[in-house]
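Please look over the sequence and the structure shown here. The briefing that follows goes through selected features, grouped by topic.

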Amino acid sequence: MKSKKIIVALDSNNLNKTIKLIKILKKDVFAFKIGYQFFYNFGLDGYKKVYSICPKIFLDLKLHDIPNTVEKGLEALIKMKPLFTTIHISGGDDMMIASTAIKKNTMILGVSILTSLDSNQTKKYYNQKNMSALVKKFAQEAKKNKLDGVVCSPQEIKHIRKIVGRNFIIVTPGIRITNKLKNDDQKRVETPKKALKLGANYLVIGRPITKSRDPLKTLKEINKSLI
């Protein structure tokens with residue numbers, strides 16, 4: 001099988017259930033993603049429990065503040081040794097420069113436009129309805145400011161890959177196995193195989209795996225589809 005590409009999102013408020021899930025899936029994932037829900041429920045202790053089972057963690061807290069605040073926040077986060085962490089590109093040049101100045105082994109990814117937004121929302125808040133043009137601009141600035149990669153929806157992968165080259169990491173959420181989930185809050189989605197074909201390096205998948213009747217079976221099927 002090719003190298004693992006799936007990052008499983010641990011969006012949960014049940015620590016025991018999550019730990020059991022990690023133990024079941026750890027051999028078949030690239031990494032696990034810890035976001036707001038998990039981290040704000042279980043904090044550093046919960047993080048350490050996950051790390052002790054699988055140290056490959058994507059700590060997705062999407063920092064967005066003035067440069068000094070983000071720099072100091074990252075100094076603390078990097079002590080936790082996540083593989084990836086995130087900042088918002090829209091925080092600006094100085095914030096990105098401050099972020100990359102202190103990075104060590106943790107790779108810093110820039111969040112472009114959230115996958116929950118559509119063109120009407122980007123027109124309202126960014127004065128730009130052309131989603132791909134907006135995301136491309138964000139990705140260019142992320143690379144210019146020496147971030148390690150970006151987080152973007154599947155629909156923007158090919159546009160970004162053309163301008164950032166092969167060595168820039170693209171992590172893609174909004175992955176759906178077949179049809180969209182009921183009450184799905186992500187607008188710009190794609191299947192795993194198509195997302196990789198478009199140029200993503202890693203795929204973030206949460207509910208399609210964690211909410212399935214047999215998470216390990218579902219993960220294995222996704223991995224098999226990527227061969």
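Strand 3 (residues 57-63) and strand 4 (residues 84-88) run parallel and are joined by 3 bridges. The model is a predicted one. One of the residues in this pairing is Leu 63, whose bridge partner in strand 4 is Ile 87.

**The barrel**
- The strands form a closed barrel of 8, in the order 1-2-3-4-5-6-7-8, and their pairing is parallel.
- On average, neighbouring strands of this sheet are turned by 25 degrees against each other, with direction ignored.

**His 88**
- Strand 4 also holds His 88.
- His 88 counts as buried because its relative accessible area is 14%, and buried means under 20%.
- Leaving aside neighbours within four places in sequence, His 88 is in contact with Lys 62, Leu 63, His 64, Met 95, Val 111 and Leu 114.

**Nonpolar cores**
- In soluble globular proteins, nonpolar side chains tend to be buried together.
- Here the largest nonpolar core has 58 residues.
- Which residues have the most contacts inside this core? They are Ile 6, Ile 34 and Ile 87.

**Around Ile 6**
- Neighbours within four places in sequence aside, Ile 6 is in contact with Val 29, Phe 30 and Ala 31, among others.
- The contacts of Ile 6 also include Leu 203, Ile 205, Ile 209, Leu 219, Ile 222, Asn 223 and Leu 226.

Definitions and conventions: Residues numbered from 1 in each chain as written. Predicted model: local features only at pLDDT ≥ 70, side-chain atom pairs only at ≥ 80, totals over all residues. Heavy atoms only, no water. Pairing = 2+ DSSP bridges. Helix = DSSP H or I, 4+ residues; strand = E, 2+ residues; numbered from the N terminus. Axes fitted to C-alpha atoms, helices over the stretch in contact; angles between N-to-C directions. Core = buried A, V, L, I, M, F, W, Y, C linked by side-chain atoms within 4.5 Å. Buried < 20%, exposed > 50% of the residue type's maximum accessible area, 1.4 Å probe, protein only. Contact = heavy atoms within 4.5 Å.
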